[in-house]
Amino acid sequence: MSLPEKGRDIEDVLAEIGRLREDDLPVRGGQVTAYVYDTGRPEVHEAAARAYFEMLEVNTLDPTAFPSVVEMERQVVGAVAGLLGGGHGVFTSGGTESIMLAVKAARDSRPVPGRPRLVLPVTAHPAFHKAAHYLGVAVDAVPVDPVTFRTSPAAVEAAITPDTVLVVASAPSYPQGVVDPITEIAATAAARGVLCHVDACVGGWLLPWLREAGAQVPPFDMSVPGVTSLSCDLHKFGYAPKGASVVLFADPALRRAAYFASASWPGYTIINATVQSSKSAGPLGGAWATMQALGRDGYLELGRTTLAAARRLREGVAAIDGLRVFGDPDSALVAFGPDDPGGQDAPDVFVMADEARRRGWFLQPQLSYAGIPANLHVTVTGVTLRGVEAMLEVIAESAAAARRRGPVELPEGLVELVAGLDLDTLDDAAFAELAAAVGADLRGGSGQPEMAVVNAVLDALPAGRREAVLVRFLSVLYSSTAPA
Ligand SMILES: Cc1ncc(COP(=O)(O)O)c(C=O)c1O
């Protein structure tokens, strides 16, 4: 874009946004089974949008200038603490920021002799790796059981060292939707004098309603002895607009270790509860209004329909010839793949994802990792139930089509070529050309991109190489060197 010489008419500008969004996945309706959370009640999202707009220009940078921010945050954090066993919280922009603050608080509240370390299951969200990377903390990843996908307290215990500042468990982990044995892991951490964070980003505002609707949900919240912090995203199953999460700490002293203040300059005084400094109060207003608009009964009703949809999806997928659900998810996240990955008649999950996309459905591919085969992931939400039979039909048809097409056939030598690329000497333009040669569209926005080849190449690479290639992909995507 170039900056227009003269200001434009707003209707024209909005129409252009509409055109820019033409190739976006739809955010409502339930056919996109990741990234977006739809209650199926448009009036709730509209109420949130109006409240967001109302608070849009308020800056949370200075809570003394905008007391509405303090009151709203107290109420939102209070509701989360009330549902999840208490604690002292901070409203943040999302799971990653909540996790960043939990890791910072742990690092700063417990000085250790060496480099601080974090123990986490391999299924923990990459936000912990990011926090560790940003904060100079080392990561010790422990395996999960290949059948249940839960980590074991014994494995966690074995990984704790005198430098461990935090142990992490998920409720649930995103990839397979299962809850780690929180009670035992928190007890193990406490016995070793180490803090324990429960990542309930995706489950915190879901599991209590599922439990009330009749699901078996193990204890996972701040009331579990040994749990010292917990993250709960409201922009997931709280159904708030994006930019809304809460991190809870067991006591005010630990929360203070998440805060940051600086008086080391001649400007205004800096007191920050979050990583971001100036930021809009829109997300806070949106989250507050969503909670007010839904209320307890609204969330419980969403919990009931979500549970019914998740059960139907699991049963329906298991009944499709050649497919299985991974583990026994306690939540509304369902991962599935072939019974016999790599077998002669196994549908390729990456081809399945492309086939589903052609039929108007987005199923999220997950690459193989730590002995867990590649699979597809569905986040069931409040809107899923009304389309669950159609979703099952699409999954069955996509599996059949993938079988007919056979697995992705990669050009000979391609994986070795990518694995061996010297990315330091390759500029973005050359990388884009190479990607185009294997059919990868780096311009984005092409409507229905065929991703199977790209996913298959990534899947064949070790994690470190995947990361280097993905960074390069992003760089090309946002540069002007992508082939037009
Ligand atoms: C378990 C879990 N933790 C953390 C996150 C990160 O959240 P965000 O994308 O809001 O930063 C996610 C996102 O899906 C998640 O599922």
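Which residue forms a salt bridge with R405, and how far apart are the closest N and O atoms? It's E355, and the closest N and O atoms of the pair are 2.6 Å apart.

## What you're looking at

This is a predicted model, where local features need pLDDT of at least 70 and side-chain atom pairs count only at pLDDT 80 or more, while totals for chains, interfaces and linings use all residues. Residues are numbered from 1 along each chain as its sequence is written, and side-chain values use heavy atoms, with hydrogens and water left out.

## E355 and its partners

Let's stay with E355. A salt bridge here is a side-chain nitrogen of Lys or Arg within 4 Å of a carboxyl oxygen of Asp or Glu, and the structure holds 24 of these salt bridges. The one between E355 and R405 runs from helix α11 to helix α12 (residues 388–405), so it ties together parts that are 50 residues apart in sequence. (Helices are DSSP runs of H or I, at least four residues, numbered from the N terminus.)

E355 also meets R358 in a salt bridge, at 3.4 Å from N to O. These two sit three residues apart in helix α11 (residues 349–358), which means about one helical turn separates them. E355 is buried, with a relative accessible area of 5%, whereas R358 is partly exposed at 46% and R405 is partly exposed at 41%. For these words, buried means under 20% relative accessible area, exposed means over 50%, and partly exposed is in between (1.4 Å probe, protein chains only). Zoom out, and E355, R358, R359, E397, R405 and E450 are linked in a network of salt bridges.

## Around the ligand

Now for the ligand. It has 13 residues around it, the closest being G95, T96, D199, H235 and K236; a residue counts as near if one of its heavy atoms lies within 4 Å. By class, this shell has five nonpolar, five polar and three charged residues. Helix α4 (residues 95–109) gives the most to the shell, with three residues.

Taken alone, the ligand exposes 400 Å², and the protein buries 82% of that, with areas from the Shrake-Rupley method and a 1.4 Å probe.

## K236 again

K236 has a protein partner too: its side chain meets that of D233 in a salt bridge, at 2.4 Å from N to O. Both K236 and D233 are buried.

Terms used: Ala, Val, Leu, Ile, Met, Phe, Trp, Tyr, Cys and Pro count as nonpolar, Asp, Glu, Lys and Arg as charged, and the others, Gly among them, as polar.
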